[in-house]
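Please read them alongside the structure shown here.

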There are 2 protein chains.
Amino acid sequence: MQSNSMNGAESVVRTLVAGDVRVCFANPGTSEIHFVAALDRVKEIRCVLTLFEGVATGAADGYFRMSEVPAATLLHLGPGLANGLANLHNAKKARSGIVNIVGQHATYHIKLDAPLSSDVEAIGHPFSDWIRVSDNSANVANDCAAAIEAARRPPGQIATLILPADTTWGAAAGYAMSNPPSAPPKVSGEAVNIAATALRKDSRSVLILGGGAVRGRALELAGQIAAKTGCELMCEHLNARAERGAGRVHFARIPYVVDQAIEALRDFKEVVLVGAKLPVAFFAYPDRPNVLISENATITQLANIDDDLASALESLASEVNALGTPPRVAYRNPIALPSGKVTLDGIGAVLASLMPTNAIAIDESLTTGRSFWSQMAGANPHDWLNSMGGSVGFGLPLAVGAAIASPDRKVVALEGDGSAMYTLQALWTMAREQLDVTIVIFANRAYRILQGELAALSAATPSSRAIDLLTLNRPNLDWVHLARGHGVEAGRAINLDEFARELGRAFDSTGPYLIELII
Amino acid sequence: MQSNSMNGAESVVRTLVAGDVRVCFANPGTSEIHFVAALDRVKEIRCVLTLFEGVATGAADGYFRMSEVPAATLLHLGPGLANGLANLHNAKKARSGIVNIVGQHATYHIKLDAPLSSDVEAIGHPFSDWIRVSDNSANVANDCAAAIEAARRPPGQIATLILPADTTWGAAAGYAMSNPPSAPPKVSGEAVNIAATALRKDSRSVLILGGGAVRGRALELAGQIAAKTGCELMCEHLNARAERGAGRVHFARIPYVVDQAIEALRDFKEVVLVGAKLPVAFFAYPDRPNVLISENATITQLANIDDDLASALESLASEVNALGTPPRVAYRNPIALPSGKVTLDGIGAVLASLMPTNAIAIDESLTTGRSFWSQMAGANPHDWLNSMGGSVGFGLPLAVGAAIASPDRKVVALEGDGSAMYTLQALWTMAREQLDVTIVIFANRAYRILQGELAALSAATPSSRAIDLLTLNRPNLDWVHLARGHGVEAGRAINLDEFARELGRAFDSTGPYLIELII
């Protein structure tokens, strides 16, 4: 390839680099081979191989959450895209920006219905905010620039770019520049006034934070408003990235369990939403409401998730004279390291004691971790990342991307065993890239959340048929073997003392280390 | 639950049983919990838990290929369906029948945009032949009966039934009966005459078999026609289930590599397709044709894959006076067990020597197995199953379903290491169900097929950047650890002698056993 005869693939890769997309999580196939060759030539983009597409899309989500810059993916045709969809779902709900690049057969080959033919655009559509099929190698650079712009639209979007093979091997003129992202819109003065009026009323009120309002300047301002007005500060049950720990503004989280959430929200007459949506149940139940706010409450939407949340909170803080009021912060509690038998509270206490400063904690612990949030309030300052779409298998991939975005921070993935199994291939990428990730597998050997749901249905004890559908025993998974099979060092803990010792070993390491904690 | 107050979920499960759907490959979630409770009550359906949805859909494909009866799946909402799509793609291309059951939020909950909300119908549409969203618990039994009928439409279809949670917990009147499948259409006498005329011409001719024409009575008849008319007998490159081995009709396979396929088909002036499609390249290449048949050839479609292929071949055999002509069959070659260093031919010779009679061989060996087909011609009689959609990760799940459909036969999964990684969670289901499956992992620690494609692009040696994207080393996967982590016994072989010894051990076992063969 002469440098003056760029093909479509190279024009796309150079457009990515020009648009500040510097990482590509790739799972390529034959139809993407010209793209691989272009990645080989353009050194300014880091290529990270994953062994399953759901790892690539989840890693791109994690990368964006920590860097606020999109990564690219590289997926193989419709079925490769399909394998990446569950974590694209999670990324879309997290409002992460991803340039999701998918190969397709050559334009003239599609009609022949070869084995791998499928309607790639239809497959990508439900999980994309923006989608385009390139039709010509001369246009792919511009299409890629448009995809970058779409991915960077605040707070972020899934931009799916489909590249038929002939658009990658045909001639291109050069790369294209993408426009920088526009600033998020500011809320109106009227919206601020309505929210201020709500908070000034002599009734119980709550500010519910979502999106970027749970970190940085926005969180600080929310804390000042709460301290001044006496409103409560809460966040949605799931948060893409919340800043927590000692010295940071204290805020509560809406519980997962419907009855608990309703109880927590029952007394508020004024509810002000800042980047948050109306709180609703995760699932509907036949005998429960699915909206969690009292019918008597007045709901005010100060700002949507794609508005400028810090600016909205600054205006509100100014309006209620809160600027400069010291917020209520979380304090470092001296926590004695518990020991002995494994208990859920004991696990949380160990984590809260030992979590390194500035760690990135990724929470896919489900039932095991129900109390982690409150226990971690006084831990060292850290970020706490949830699955925003609720599709399991997000945690290990997210850890890959977060670690690549933040190489100087410890990533701690807290995983239920059932959830971790969906995308365990992420372990290999952690080993290859020597990522500084500690993985804790909570091995209760069950889909515990479903056992609870089944038990709630009926007084009758289920037979072995239903029990077998909700347990991961017979045989037990052996996570130490699974980790070593992927090239990741691992250890097992069966009590809290061993758990603390294993965590210490993991936190002393700078590469991936997996702990199987038997519950 | 009183027996006289059936809910929607139970009405669906009883409809499945009445429609002869006796296995459910399940990966349930909260929205499917009433379905789980119904499975617990109805003992006539076997529930098989998988730890990833692609295992469930691939297993249903394998079950249908061996039994010709659909199984059901049970998947959790849009993202669960998404995880199952790649193997639904493969199953759809294989024309397997599956009753693909997907949970959805309660009808009134969808509009609230809870985390797991998605457009389930749009997600399922590209990979379904039939799709329906139930809207009422009183109708779900009828919807399920319609899904069964769609799945059983010959040769088979993907029928996706979406069940909002309230249709499973609401009241139902009872189960519904599905109509038995209609017989596949017979081809016209005119089509038979045209094909007979083609074969009678004094020019080289070939009968290309596809679908059900590569087994049973249809294959026998094709052999008689070839013996009588002198036409060649070939099959498509990929076959859902071909019957092969000593004593069976001999037929060649169209090669994967474009140049080889063109060469193999070049001289034929008359091409008669029986259940096969026009042979096309798997992928398009800039400098290669993508239709593999010579432009000078006359193409006759005797029968499509959904026609009655045995009847079409019987009519053709009768028309060309071939009925009763002894076909050319494959002979058992006494093969000396090779020994020493691992070579691709040596692997094939070991497999051909030791393959048990009546084994079900599932071929996802890609580059390692390019010569297996010809080497296996004289092995003990066996079935040979390919991925019909070309999406990798089909083999281990298919083995689960094939073993459940055929408990008295040995299943042998021949897997590239890269491909096997996509759905390795299938190993656990094999262990739980104690399935009689031998897994051979060809550990070349590379996406070898892509290395070949990249090498063909350019004379220049790729840098470590591209090499890293196409290799699975650094670190090496350890398949013995991976197997044991899933509860499957395993051994490693580094030469042909060890490979033969490990195969002997596996074939003597009645449960799952994995062999990692280092290449």
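How many residues does helix H6 of chain A have, and how far does it reach from its first C-alpha to its last?

1. Helix H6 (residues 140-151) of chain A has 12 residues and reaches 16 Å, close to the 16 Å expected at 1.5 Å a residue. Helices (H or I, at least four residues) and strands (E, at least two) are DSSP runs, numbered from the N terminus. The model is predicted: local features need pLDDT of at least 70 and side-chain atom pairs pLDDT 80 or more, whereas totals for chains, interfaces and linings use all residues. Residues are numbered from 1 along each chain as its sequence is written, and chains are lettered from A in the order in which they are written.

2. H6(A) is largely enclosed by the rest of the structure, because 9 of its 12 residues are buried (20 or more other C-beta atoms within 10 Å of a residue's own, C-beta atoms being placed from the backbone). Among them are Cys144(A) and Ile148(A). The cover over these buried residues includes helix H1 (8-18) and strand E4 (98-104) of chain A.

3. The axes of helix H3 (residues 53-67) and helix H14 (residues 395-405), both of chain A, come within 6 Å and cross at roughly 45° (axes are lines fitted to C-alpha atoms, over the stretch in contact, with angles from 0 to 180 degrees between N-to-C directions).

4. Between chains, 82 residues of chain B are in contact with 82 residues of chain A (C-beta atoms, placed from the backbone, within 7 Å). Helix H4 (residues 77-93) of chain B gives the most to the side of chain B that touches chain A, with 8 residues.

Conventions. Two residues are in contact if their C-beta atoms, placed from the backbone, lie within 7 Å. The expected span of a helix is 1.5 Å times one less than its number of residues.
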